[in-house]
Structure formats: C-alpha cells, structure tokens
Amino acid sequence: MQQLSIIRSGGVAAVSFCTPPFPRRLKSPLLSPPSPPSLPRFPPRLQHTFEIRSRFMTTSAGTMNDGSVKTAAGEIAFFPILEKGVFRFDCSVNARDAAFPSLSFVDPKARETPIAGHGRLPEFLPSFEQLRDQQIVMIQLPSGTSLYGTGEVSGPLERTGKRIFTWNTDAWGYSAETTSLYQSHPWVLAVLPDGKALGVLADTTRRCEIDLREISTIKFSSASAYPVITFGPFNSPAEVLISLSRAIGTVFMPPKWSLGYHQCRWSYETDERVRQIATNFRERGIPCDVIWMDIDYMHGFRCFTFDKERFPDPKTLVEELHAMGIHAIWMLDPGIKHEEGYHVFDSGTNSNVWILKEDGEPFVGEVWPGTCVFPDFTQKEARLWWANLVKDFVSNGVDGIWNDMNEPAVFKTVTKTMPENNIHNADAEFGGRQKHTHYHNVFGMLMARSTYEGMKMANEKRRPFVLTRSGFIGSQRYAATWTGDNLSTWEHLHMSIPMVLQLGLSGQPLSGPDIGGFAGNATPKLFGRWMGVGAMFPFCRGHSESRTNDHEPWSFGEECEEVCRLALLRRYRLIPHIYTLFYEAHKKGIPVLSPTFFADSKDKRLRNIENSFLLGPLLVCASTIPEYGSHELSHVLPKGIWMRFDFGDSHPDLPIFYLRGGSIIPVAPAFQHLGEALPTDELSLFIALDINGKAEGVLFEDDCDGYGYTEGAYLLTFYGAELKSSTVTLRINGTEGSWRRPNRSLHVHILLGGGAMIDGWGTDGEEVHITMPSESEVSQLQSASESQYRDTLDKAKLIPDANGLSGKKGIELSKTPVKIKSRDWLLEAVPWIGGRVISMIHLPSATQWLHSRVEIGGYEEYSGVEYRSSGCSEEYEVIGRNLEHSGEEETLSLEGDIGGGLVLERKIFIPEDDPEVVRIDSCIIARTVGAGSGGFSRLVCLRVHPTFTLLHPTEVSVIFNSIDGSAHEIGPESGEKILEGDLRPNGEWMLLDRCGGVGLVNRFDASQVSKCLVHWGTGTVNLELWSDERPVSKEFPLAIRHEYQVVPASKL
C-alpha cells in the first residue's frame, strides 16, 4: 500500500492510499514545463480521510505593492518515502508532478515512490509561498533549536543568523562572510531543544537561498517547483544522517593508502622536483603516502597529456614513487583546449559532447589552456567519452585523479563561470535539455562521477580515488573533497574545523582543508598548529599556491618540522581506527568526524564548540589561538567519563586526546607509509571503562583496496572489556566476515585518568586478563603521569613565534582619531578599527550626524552582503593625508586588508571649492588575487553602512524620488525597507529632520548602486548603499562614490 496526503488551506488533510505509483512526465523541450497530470482517482474502498491541524500559514492570492503576485499555496501534498519518518512535501499535486528528477538521490525513483503507510504523520510541516517565479519554503521550529549543515560554508559551526546561496563558485581567498563557495548542499540539520534532530533537504539543483537569519527558522527560496524532504525528527543527529544516507548514498570506500598524508603544491614543476620531495620525506622520517601533480605536468595545460621535457616518463616516475611507498595523483580540469589536432578536442567534437550556446554552437571560454570547450557531463555519451579517456590515462601509472576548476570556472568574466543561458542536452532521466542554470551546481559532481567510473573501468580490482573541488549533495558517492583555496591565516585555520564538520553533517565525510593555507605564506607556528589539527581530519593534505614560500613540513625550521612529524605519526598510529570509521561511514552514513555535541545532543553547552571534535569516541581538543597552546585552554568536555591520553608525544602545538568511557579504539605501530603495515603487526587497544566497568570497540580489516569486502572478504571484530573483581577481561564479543584472524600479539592499554594507564599483553583472539591497581596505586600513577605530562610540555621545543609578515606601508599611527576639518565640517576617523568615521559634525548647524562608539557604529563599510562582514573591523592604514593648505583639499586616504588578496580603499575629502560637501570614494580592489582564480576574487559587495543619530525621532523621514519618477517618504514606522530596481532613489535621498529644520542629503552615482536600504533603529537610522555582488579583479574593481551635504529645510 502507498500513501499520499494533501493538506488544504482549511487545515484538513485527506490521506488516500493507492497501489500504482504516481504518474510523472520527463522534461523534454527546453523551457517547456511539463503538463502536470491530474491527481489519480482512487477507488472509494481504498480512501481514508482524517483531520490534522496544519502548522503552516495560508496566503490568499493578490498583487503586492511591488507588482509581484503572491499566490496561495493551494493543496500542499506530502507522502512518506524511503522509511519511517521521512516525508516528501510539495507545494501542490501539480507542483509535485512539475518537479524535475532528483540528482541527489542515489535512486531517484525512491523520491517519487510512496511507501506503505506506517501511521506516522510529520511533526513539522513546511509552509509554501509563490513569489514571482520563486518557491519559498519555510519551516518554523521550536525556540532553542540549533541549525547546522548547508554543506561547504565558511564561518561558524552553528548557522543561525546566516544566509547562503547554493551556486558553485570559484571562491579563491574566501572569507567567513562569503555566501557561495565551491559546492552546493541545500540541506539543513536542526538539533531541537530536547536533543532530537530533524533534517531538511530542498531537492533542487538550481540556485537556492538558504536563509537561517530568523531564529529557529529554516527558509529555502529557489525557482519553482521543487520538493522538500524531511528526515525525522529522530532521537539523535546521527540517526538523521543515517536516514539521509539512505536517500543520497554513502561515501565511497576509500583505498586505505588515501588515508595517509598527501603532499601537494602548485606546482612541483618537474619529475626531478617530485623525486626530491619524496626523498626528503623518507630521509626525514616524516610519514607520507601521496604526492600530487598540479597542472604544470601537462603539455600546455592540455588535459590527458604530459610535458615531454618536465615529465618525459610519468610511468617510470610513478614506479620509482611506488618503490618508496608513495602514490601519485594527477590533476584533470574540465576545460579542453579548443585546438584542432589535439586528440581530446577532436574526439569530443566528433562525439558532440560539448556544452552549447543558445545558437547551438559549442560554448568557448578561457581557462588555463586558453580558449576551451567544456564537456556536457549531463549526457551519458559525454560521461562515457570522458571515462574512456580516464581509463587510458590511468595506464600511465595514475593512482588517483584530482578534478579542479569544475564549478565550472571560466576566466575573464565577472561571474567566474559560463553564461547561464548555455544549453545542456541532458539525459531524460536528469531532466532533459535545459539551460545551464539548471545543471550548473551538478556539473562538478557529474564530472567526478565520470572520472570515478573511468578509473573503475581501468582496473575493476582497485578502488578509485577522486578528489573534486566542486560538488553537490550526493557527490560523496564518487569523490572526496577539500575546502578550496583558503588563506594562510589563523582565521582560516580556525574556520577549517567547522567547515570539515559541516561537510560531514551534509553527507560528505571525506574532506579536509589545504593544511597551512593555499594562498599566502604561513608562519612556522601557524603551519605547525595547522598540521597538528589537520592530521586528525578525514582527508589530510598540505597544499600551497605558486609564488608562495615552500610549504613542506621541513620548510619552517626544525621546531615546526618536529611538530609535523609528531602530528603525522599520531595519524598513522590511529589509521586502524580511522579506517574503521570510514567503513562505518560507507555502510551506514555515520560521519567520520563529528561535532562535540554528537556526544550529547541534549547538552546545549556543546552546540557551538569549534575547537574540538570527535573521531568516533575519540575527542580531539585543539587550539586555534596563536597565543595559547591546547593545554592552556579550558576545553569543555561532554558529561560522563573522558580519559586523557597520548602516545608519549604531547606538545603545546598538538591537540589533546580524550577517550570516552565505555570505548575501545584500535591503534597501530607508527609507519612511514601505509604500505609498510602488515596484518601480523602488533595491535594495540586503548580502553576507557565506563561507570559500570565496561567498554566496547570495533576494528575493520580487509585487503586495504579492491572490493573483496563486498563479498565477505574482511574481518570485523567486536571487542569487549569488563571489570570484575579487580580484573579487566578483554575478549572478542563477535565477528563478521570470512577473513581468518592474523596471528599477532595484542598490547592492551587501560586508561586510568589523568593520562595514566596500565598495560597488558596477549594474543589477539584470546582472552586477556589484567589486574587493576588499587585506588591508592591509581592515585600515584595519575600523579606521576601528570608530572611527566607537564615535564614533556615544558621541555618541548616551541615553534618560533615569527610572523613572517612584511612591514606595513603608509603612515604609522598612534591610536588617536584622525581629524578632517573644513569651514563646515569636522570629522574623526579611527583607522585601527575598520577605518570607521566616528564623528561627523556639521559646524554651522552644530549637528552631530553620526551615532557611534569607537568600536562600533558611525560610518562603516563592508565587503559582503552580510551585516558586519569583512571591512568594518580590520586595522586600516593611512596611505595619504593632505591637510588643507595652499588651496588643496582636506583629504584622508585609508586602506584595509579584507583578505583573499583584496583591499578596501576609502578616500574621504572636502573640496576646497565646495566646503559644504563631504565626499567619500570607496572601492574594493584586487591587490594580490591568485592566478589560480583566473585573476578574479571571491564574490564581494561594497556595502556602505552609516548609522545616523536622530535628534527628533518622531519628526524625521527619508524622502526621495525613485528612478521611475515616483516620490517616496519613509518614516520610522516602516522598520526596514529595501529599494531595488526602479524603486531605487534616482541618485539622491535625504534624511529630513523637520523639528531641527535641516536635512542631510546623500548623493551618489546610481549606476554604481544596485540596492538601497533604510533601517530604523532606536534613535538611529541606517541609509545604506550596496554595489553589485560580484568578483573583482585588478581591471574590474567595485566602487561607490557619494557625498553628504546639509541643507536647511527652508530651502526644500
């Protein structure tokens, strides 16, 4: 039996049961929406109706003030899918049948197929609203709900107050406020006040706004029509993710070698340099399993080629690397050089695999090789064509493939990608022929899929390893990912933890950052600290940009090198545990790395913690603050028993380990590469007993590669320990798989607290009995262990705190406000906090127009659409100062580094020939944007944010004529108004104080301003000017030029 529910605006739900699945139609001609089939009629004997109170808000159709049409949601349709507790919601039955096929579900039919009724109704119901061509979906949750997920996002772990847009973007040098990164996951994980959790997926491939700015509210906005899938509420966040994985699939099972350390750089430009890097790792005793080849190995950046001078014999190179226990991964980009005679271009042209322009000709855009065409991975023929190229490419000794630039990135365009009206001749089951807007976000995932399938075709007995920069929810089925072109800053070190966690909470457990930062030069302390944390991430790779200093572990001095060595040896000892976690992630969908609150989702103390995380029952507590080591911070631990331990390797720049009571984790000897490991090596088990004296753990073992495990060729061991009568007995509680247990010794470590432990030895597979010490002996062991721990930390060679930064240019400042004065104006600016103007006094009227403290308020400027994004708090430098003299202007020029190679320049001046006016010219400039981004920065928006004080709050208003010629007056009762399009002021608006008899006029170039915002506060008002939101380059900065003038009300 199958179930469908319809919620009507009156709050009545009719639930009908039917045997056949619902009919649907595939999209065919471009932009011709399918004709929705009528709701099937069900035999009366199969119908059943009952009432529920709807939790959604109904709307009635009507025309809004801005001319848009707001329509009623009509009948909201929902039915259960997949399993108990999972529901699909649609705006209506017609919307359900108009929705495009799912590209996130591993089995798209599962989204369309109701399951047999189980009597459970959804606990939370979304509201639907149609606004122009946008479908807006909102779910209101209980107060105290915490929000996570949204995939690859920068900024904090808990997402309340944030808004992002799913639009895969080459975001070189992104910041905490960047709203679109390289991947799209229209997914939110909500942890309710009672610790239960709910997952919500907006199953659309198109650009989607995920708005979490309202407390305990999830809001999606995207082009109509798309379904929303809810998972739960279930008892824990982990249960939600397990349920999600049944929809979108689990992570591919990685080959074990790929869990070692990876060393990369743009670029190791010759095979000889690659050999030098490999030799250094081995001679210095620093573990490493992989070296990466960036685009410079290619002949003129042509994919599937090798430069005959720099990499004349890649197969021999790889054989030499393999002999050293090192694998080789090579980059492949989607941009194929438009060049007749180049075999890839010729074969693709003959196979008609290119993305097209609207006129039917192949789209040509510029990337690394020059002019390029792009495969249309939405076509089965194109995917097979690419997979065959990959198959042949692997024969050169390729161990893994790196798909980069696959948002897809395109140079010399402000959008950083191809035109949205390009055409994809997609497979019918994907949605058929559609514009690029529909398939943009899945381009990278489909490329990764094609690469994965090509590697599998090359060798069915080996597991592919693919890394992709761009992805979509579900791409974990084919590829690992990394967090893109980050910066060598402490902020990005800290941000890497919530970014990796967020990806895990969105179904992608195999990720990590570029350790040390991709762009810029890391300091020794920053690199060492980052390696300490990064060695615990699921994907562990160091990578750096061209024209930066060397970023190998030995490049920062012997102290940093030692910290990196210790960090990586830790990782390699934990590989049995990490590999087991990946098996569980692959089988069940459980994250490998999870937030600390997964230990107790009811404990609200844990929900915002960003400097610790869990690897299963192992809690890793780090410091991302340069002034303090991990041992100097007061880490918040979950409730219960948590035992600190180490491998005799504690260091101020390394994280602290705690093992949860009731847990056992497997540990291996320290290796230089994973190829050294043998099944017969001694196995160590670290045990932390719970309050009842019990513990359990699991170990997964197989051939480390291949697919034998799918046919039973593995060994899954469930270990148990129990304390009885002062003796701990370790035994095997159960096993799975056909593998015979290796003949190996067992080293058992029982943690006692305070870093103390006792040891026991035995043979794996046999019971091991260990006598526990008395309470007084435990106390002595703890005291001795604590003393040894402190002694180890005190004797550790600290990494020098050299910052490695170049000296500042410009005028050195004391922290005294800089004054700008003329006949009519007296201004004060504080360069050391955002270049903020904190005082703006109009002398003739004795009026202070700005409402400000030194640290906040006044005149600020941001570099993003989010409130208080980069630009308002950085330290600015005075780069020009010209006091009025000999007819010159009174001028102050400031410059602030806003990250990612960008600076925000501001020139404040009072013209000598027009002293009644204060002019401000501001611009965001690409100063050192990396070549890896094609010369374009992350998405930025110049947002001018002055806070004006209201001397007579009930007697003020904002007046202006809009571009369409209409007159407007906005008073404090309006709250906040956004003025866009022809409703923008036509280059001028005024803050009018009728009681004071004055008005502050703000004039601007309307061509530079895409949006104006009026926000009334308590005794204040903001009159904001917003530029377009787009990337900038040296040739295309963002600028807003405007001025202020006070005029008497009598002249109005």
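Arg88, Asp90, Arg111, Glu112 and Asp203 are linked in a network of salt bridges, a salt bridge being a side-chain nitrogen of Lys or Arg within 4 Å of a carboxyl oxygen of Asp or Glu. The model is predicted: local features need pLDDT of at least 70 and side-chain atom pairs count only at pLDDT 80 or more, while totals for chains, interfaces and linings use all residues. Residues are numbered from 1 along each chain as its sequence is written, and side-chain values use heavy atoms, with hydrogens and water left out.

**Salt bridges**

Over the whole structure, the search finds 60 salt bridges. Side chains of opposite charge can pair when their charged atoms come close.

| Pair | N to O distance |
|---|---|
| Glu209 and Arg163 | 3.3 Å |
| Asp702 and Arg463 | 2.5 Å |
| Arg1003 and Glu1043 | 3.0 Å |

Glu209 and Arg163 meet in a salt bridge. Because Glu209 lies in strand S15 (residues 208–211) and Arg163 in strand S11 (residues 163–166), this pair ties together parts that are 46 residues apart in sequence. Helices (H or I, at least four residues) and strands (E, at least two) are DSSP runs, numbered from the N terminus. Both Glu209 and Arg163 are buried; buried means under 20% relative accessible area, exposed over 50%, and partly exposed in between, with a 1.4 Å probe and protein chains only.

Asp702 and Arg463 also meet in a salt bridge. Asp702 lies in the loop between strand S40 (694–701) and strand S41 (715–724), and Arg463 in the loop between helix H9 (443–458) and strand S27 (466–468), so the pair ties together parts that are 239 residues apart in sequence. Asp702 and Arg463 are both buried.

For the salt bridge of Arg1003 with Glu1043, Arg1003 lies in strand S60 (residues 998–1004) and Glu1043 in strand S63 (residues 1038–1048), so parts 40 residues apart in sequence are tied together. Arg1003 is partly exposed, with a relative accessible area of 25%, whereas Glu1043 counts as buried at 14% relative accessibility.

**Sheets**

An open sheet of nine strands has the order S30-S29-S27-S24-S20-S19-S18-S32-S31, with parallel pairing; two strands pair if DSSP finds at least two bridges between them. Strand S30 (511–512) and strand S31 (514–515) stand at the edges with a single partner strand each, so one side of each is left without a neighbour in the sheet. Within this sheet, strand S18 (residues 262–263) runs parallel to strand S19 (residues 290–293), and two bridges join them. His262 stands opposite Val290 in S19.

Three strands form another open sheet, ordered S21-S23-S22, with antiparallel pairing. Its edge strands, S21 (336–337) and S22 (365–367), each pair on one side only. S21 and strand S23 (residues 370–373) pair over two bridges in the antiparallel sense, and Ile336 stands opposite Val373 in S23.

**Helix packing**

Helix H12 (residues 558–573) and helix H13 (residues 575–588) pack at about 55 degrees, with axes 5 Å apart. Axes are lines fitted to C-alpha atoms, for helices over the stretch in contact, and angles run from 0 to 180 degrees between N-to-C directions. The contact (heavy atoms within 4.5 Å) is made by Arg571, Tyr572 and Arg573 of H12 and Ile575, Pro576 and Ile578 of H13.
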